[in-house]
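I opened this notebook to keep track of what I looked up, entry by entry.

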Amino acid sequence: MLTLKNVDVHYGRIQAAKRVSLHVDPGEIVALIGGNGAGKTTLLCTISGLIRPSTGSVTFAGADITRHSPERIVAQGLSHVPEGRLVFAPLSVADNLLLGSYSRHKFGQGQAIEADISAIYDMFPVLGERRNQPAGTLSGGEQQMLSIGRALMAKPRLLLLDEPSMGLAPNITRDIFRHVVSLRESLGLTVLLVEQNARSALKIADRGYVLETGRVILQGQAAELLANRDVQRAYLGRDLDA
Amino acid sequence: MNISSLLQYLISGLTTGSTYGLAALGFTIIFNSTGIINFAQGEFVMLGGMFSVFFMKWFGLPIAWAVLLAALATMIAGALIERLAIRPVKGASPINLVIVTIGVSIFIRGLAMLVWGKDTYALPAFSGDKPIAVLGAAMMPQSLWVLGVSLAMLAALKAFFSHTIQGKAMLACSFDRKAASLMGIGVERMVLLSFMISALIGAVGGAILAPITLTSFDVGVLLGLKGFAACILGGLGNPFGAALGGLVLGVLESLGAGYLSSAYKDAFAFILLLALLFVRPQGLFGRKSVKRV
Ligand SMILES: Nc1ncnc2c1ncn2[C@@H]1O[C@H](COP(=O)(O)OP(=O)(O)OP(=O)(O)O)[C@@H](O)[C@H]1O
Ligand SMILES: [Mg+2]
C-alpha cells in the first residue's frame, strides 16, 4: 500500500534520512521506532508531502506521490496525525473535526460529513461532550483523540501516527493504542505508527522498523523485534515501559 | 461643552473611524494568514476611492456600479500583488516581506499619480448632501452610508469566519499552517484569498469615505498608517478588535481636533498609539501575545 524506496532527506546540509526503504501492506499496523532525532518525524513528513526528499520515491496505492502536495496526498486517502497533535487551539472541537474533512468538502457533502462527525463522537465520547469547547482547553489525551479524529474525517485508508503517546500517562496511552487497534478492525485502516514508546508500539504492531540516525538498522516481525537483544537493550528499558 | 458640538465630533469621528477600522481589518486578515504587515493596505483604500471616481467619469456609470466595480478592480489588484510580489519571495523572512509590501505601495502610488495626476477628486455623495439634523448636530447622509456599510462588512466577515468552511480554513492556517496543510487546506490559496478580502474591504472603505474627505493618489499613505495604528490599538491579530480600534481612533482624533487643536489632528493617532503601547503592549482587545509558527 505504501512503499518508500531509497529515500534521502536533507535539511540544508544535514542529512536526516539515509537510503530509507520500507513498505506497509494493506491492513497492517507497522511500527517505526527509534530514539530522539532518529528521523522518524522527518520520514512521516516526507510521506505526507510536507517535506520533499532529495532522492528516492514514495508510492501510495500504486501511484507515485513523491512530489505531490500535502493537499493532494490527503485527498488520496493518506492522513497524517502530526507530532504534538497540532490541534487548532482557539477553534472548537467540532470545528477542528469539520476542518479535518476539508479535503472532501464539496457541495452536497454536508450531511455525510455531519454523520462522520457523530461517528467520531461515538468513538471518542469525551469529544462529543466537549464539542463546543476550544480545542486548546482539552487535556493532552483528549487533544490526541481530537487529532486522530480530525485525521479520520478525511476518510483515509492509511493513517500515519507520530508519537501519539508523547507526554501521556500510561493508562491514557493504553487507551489510545486500543483505539488504534480497533480502527483497523472497524474501518479496515492501515497504520504506520511512530513511537519512542517501543514496547507498547511493538505489542500492537504486526511488523516494525528500527531507525537510527536516519537509517533503518533493523526490521522484522514485531514479536521478533520485541525478543531481539539489541532492541531490548536500546529501546525497551524499563523507563519506557507503559 | 455643549451637547450638539460633542455629538458633531462623535459623528465625524465615527465616520472616519469606520474607514480606519476597515483598513485595520485588512491589515489583520493578511497578518493572520501570512504573519506580515501589508503596508500596501492604504493603497487599497486609495484605489477604492480613485477607481470609483474614474469609473464614473470614464464609463459614465451610476455611482453604485462604479463603487462595486472599483471594489472588484481593487480585489484583482490585491490578487496580483500576492501572485507577483509576495508569492515569488515565499519563504523570505517577515521583515523582507514587509519591505516588499512597502515597495508595492510606492509602486502603486506612483502608477496612480501617472494615470490620474496629482489632483484631488470628489466622489458625489451616495444620497445627496442634505444634512440630517440630530439633536442640533448636522449629520451628512453619507455618514450613515459609511457607518451602515462598515457594519455590514463587519457582519459579513464575522459570518464568513464563523459559518463557512473557507473562513474556518483561513483561521486554521493562521493558527497552524502545518496542520492546515495536512487537512488538505491549500495555504497559498488562503493567502491569496486573504489579499483579495483585504483589498475588497480597504477599497469599500475608501469608496464610501471619498465623498466626505475627497481623494487623490496619495491618500493611502495616511489612511494606511491610521489603519495600522488602529489595528495595533485593537490588538494585532484580532479582526474585531482592529475594527473597534479604528472607531476609537477616529473618535479620539475628532475630539482632539475639536477641543484641542485641529493642527495636530494627524499626530493624535500616533501619540495615542505610543502611549497605549507603553501601557498595554498587546493592544486594547488583544491576546497577551501573538504567537506565530
Ligand atoms: N526543520 C529542521 N531543520 C533542520 N534540521 C532538522 C529539522 N527538523 C529535524 N531536523 C533534524 O533532523 C534529524 C531528525 O529529526 P526528526 O524530528 O525527524 O527526529 P525524530 O526521530 O522524530 O525525533 P523525536 O523522537 O525527538 O521526535 C534531527 O537531527 C533533527 O535535529
Ligand atoms: Mg519526532
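I began with Arg104(A) and Asp116(A), whose side chains meet in a salt bridge with an N to O distance of 2.2 Å. Looking up where they sit, I found Arg104(A) in the loop between helix 3 (93-100) and helix 4 (110-123) of chain A, while Asp116(A) belongs to helix 4 of chain A, 12 residues apart from its partner. I then checked whether they are covered, and both Arg104(A) and Asp116(A) are buried. I keep in mind that this is a predicted model.

Entry two, another pair in chain A. Here I looked at Glu142(A), which forms a salt bridge with Arg130(A), and I noted 3.9 Å between the closest N and O atoms. Glu142(A) is in helix 6 (residues 140-152) of chain A, and Arg130(A) is in the loop between helix 5 and helix 6 of chain A. Glu142(A) counts as buried because its relative accessibility is 14%, which is under the cut-off of 20%. Arg130(A), with a relative accessible area of 28%, is partly exposed.

Which residue forms a salt bridge with Lys90(B)? I found that the partner is Glu188(B), with the closest N and O atoms 3.1 Å apart. Lys90(B) lies in the loop between helix 3 and helix 4 of chain B and Glu188(B) in helix 8 (residues 187-213) of chain B, so the pair ties together parts that are 98 residues apart in sequence. Lys90(B) is exposed at 60% relative accessible area, whereas Glu188(B) is partly exposed at 32%. I also noted that these two are linked with Glu82(B) and Arg87(B) in a network of salt bridges. Over all chains, a search of the whole structure gives 14 salt bridges.

I looked up a patch of about 860 Å² on chain B, whose residues include Trp58(B), Phe59(B), Phe107(B) and Leu114(B). Helix 2 (41-59), helix 3 (63-86) and helix 4 (94-116) of chain B are the elements that give two or more residues to it, and helix 4 gives the most, with four. Leu114(B) is in that helix 4, and Leu114(B) is exposed, with a relative accessible area of 69%.

Helix 9 (residues 219-234) and helix 11 (residues 265-279) of chain B pack at an angle of about 25°, with their axes 10 Å apart. This makes helix 9 of chain B roughly parallel to helix 11 of chain B, and I recorded their crossing as left-handed.

How values were computed:
Residues numbered from 1 in each chain as written. Chains lettered and ligands numbered in written order. Predicted model: local features only at pLDDT ≥ 70, side-chain atom pairs only at ≥ 80, totals over all residues. Heavy atoms only, no water. Patch = residues over 30% accessible without salt bridge, like charges linked within 9 Å, V, L, I, M, F, W, Y side chains within 5 Å. Areas by Shrake-Rupley, 256 points an atom, 1.4 Å probe, with all protein chains shown as cover. Salt bridge = Lys/Arg side-chain N within 4 Å of Asp/Glu carboxyl O. Buried < 20%, exposed > 50% of the residue type's maximum accessible area, 1.4 Å probe, protein only. Axes fitted to C-alpha atoms, helices over the stretch in contact; angles between N-to-C directions. Parallel < 35°, antiparallel > 145°, perpendicular 65-115°, else oblique. Left-handed = near helix turned anticlockwise from the far one by under 90°.
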